Amino acid sequence: MAPRAPVDAHTGLEAARFGVYVHFPYCLSKCPYCDFASTAARQIPDERYTRAILSELQRRLEVQQLGGREVSSIFIGGGTPSLWDPRSVGAVLEAISAGFTVAGGCEVTLEANPGASDAERFRGYRAAGVNRLSLGVQSFEASTLTTLGRAHDGPTAQRAFAAARAAGFDNVSMDFIYGVHGQTEAQVESDARAAVALGSEHLSAYALTLDQASLAQEVPLARQLARGEVALPPDETVVRMQRLVRDVFAGAGLARYEISNYARPGFHSRHNALYWTGGEYLAVGTGATGFVQGAQAVRYSNQRSAEKYLLEVEAGQLPEASREVLTPNELFEERVAMGLRLVNGVELEAVCEAFGQSAEARAQTVRHLVHAGLAERRGGRLALTDAGFDVHSAIAARLM
Ligand code: SF4
C-alpha cells in the first residue's frame, strides 16, 4: 500500500506539507460569474503554454530555496485543464518528478470540465500519473446551468463521471453551486441527490458569491446584480440550501470536513488541506499564487493575463504580478481563519503561541462563542458548530 501523507497535528486531517499547483488558464467560454484567471480561447496554444510552464518551473527551482522539500500533492487547476493535451500534462508531471522528490502515494488532481471530457482523454491523464479527477459539474439542472452560463448540460455531466470511472479513476470529486438566482431549494436537493447517486468519493458545494469585495475582478453577473437585473436568494434561503446539501451528502456517507467540502472516509482533498493548515505550495502558471517559507514567509502571484504571463516567461523573467513577505500577525490570522473552516477546528492556544499572540486575550471571546452555541471546545481545539459556520467570517474576525 502507498504511504499516506502525515496527519496534521492541528486538524487531525492528512495534509500534504508541500504541494505544487499548476494553473491552466484556457476555457471554451467565459462563465459570467467566474473571477478565476481564465480566458476563452478558440485556439489553445498548448505547446507554447507547456513550454512556459516547464520554463517557469525550472526558473523557480533555480531561484527559490526549495531544497529537501518532498511533494505530497500536485493540483492542476484552471481554467479548464481537461483541454490540455494529456502528453503535455505528462511532461509537466515528469518535470515536477525530476525537480523534486515526489512522495509515494502523492495525490495528483486534475480539474475537468464536463464539456471537455471523454474517457480516452481521461485515460491519457491516468497514464500520465493523475490519480484524482475533480469535475466542475455545478448543477444537473438545465435552468441553473443556463443561468450560470455553463456550456454543458446534466446528461453531459453524468457522462463525464462515467468516463472518469471507465478510465480507471477511483477518486473522483464533483463541484456544485447553490444560491443561484432563480434556483429553488427543491432543485438544490435534486442536484445533491443526483450527485450522491453517482457514488463520488468527494463533493464540494459552494454558495454563489457575487460580492465585489470577495471577487478578484469584476464579473458580468455582479454587474447585473448591481443593476437589479438579477436577484440572489435571501441569506436564510441560502442557509437552508446549504443544510439540505449537507444532510443529503451525510445520508450517503459523505461527511462534512470543511465548510464547503464533504468526503467518504479517507478521501478528503490532501492538497486543499494544505491550504487550510498552513502548508507550503509552489505555484506555476497564469494567475497562480504560491506560498513558500524560507528565512521569510513569502506569497507571490503570477500575471493573470495569459499573454502577459507567456511573454514574461519567454523573456526569462519570473512572471510575477506581486510578491509579499507575510508578517507573523498575518500568518496567525490566516491560520485561524483557515483552521476554523475545518470541522475539526484549530488548536487556538498552540497557534497563538506559535505566532506570538495572546490566547488569554481571546479567552473571553471563546467563552462567548461556546455559550452562544457557535463553537465547541474539543480537546485543545476550537471548532465551529454548524451555526458557527454560517457566520464563519465574523467569528474569525472577532478572534483576530
Ligand atoms: S469553466 Fe470554470 S474557469 Fe472556465 S470560465 Fe467557467 S467557471 Fe471560469
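With 400 residues, the protein would have a radius of gyration near 21 Å if it were a compact globule, and its value of 21 Å agrees with this. The radius is taken over C-alpha atoms, and the globule rule is 2.2 Å times the number of residues to the power 0.38. This is a predicted model, in which local features need pLDDT of at least 70 and side-chain atom pairs count only at pLDDT 80 or more, while totals for chains, interfaces and linings use all residues. Residues are numbered from 1 along each chain as its sequence is written.

The C-alpha trace spans about 60 × 50 × 50 Å along its principal axes.

Strand E14 (residues 320-325) lies largely in the open, because the number buried among its six residues is zero. Strand E13 (residues 297-302) pairs with E14 in the antiparallel sense over five bridges, where pairing requires at least two DSSP bridges. Tyr300 has Arg323 in E14 as its bridge partner.

An automatic or database assignment sets the domain bounds, giving domain 1 (18-276) and domain 2 (328-399). Their C-alpha centres lie 28 Å apart. Seven residues of domain 1 are in contact with eight of domain 2, contact being C-beta atoms, placed from the backbone, within 7 Å. On the side of domain 1 that touches domain 2, E9 (255-258) supplies the largest share, three residues.

Conventions:
Buried ≥ 20, exposed ≤ 12 C-beta atoms within 10 Å, placed from the backbone. Helix = DSSP H or I, 4+ residues; strand = E, 2+ residues; numbered from the N terminus. Contact = placed C-beta atoms within 7 Å.
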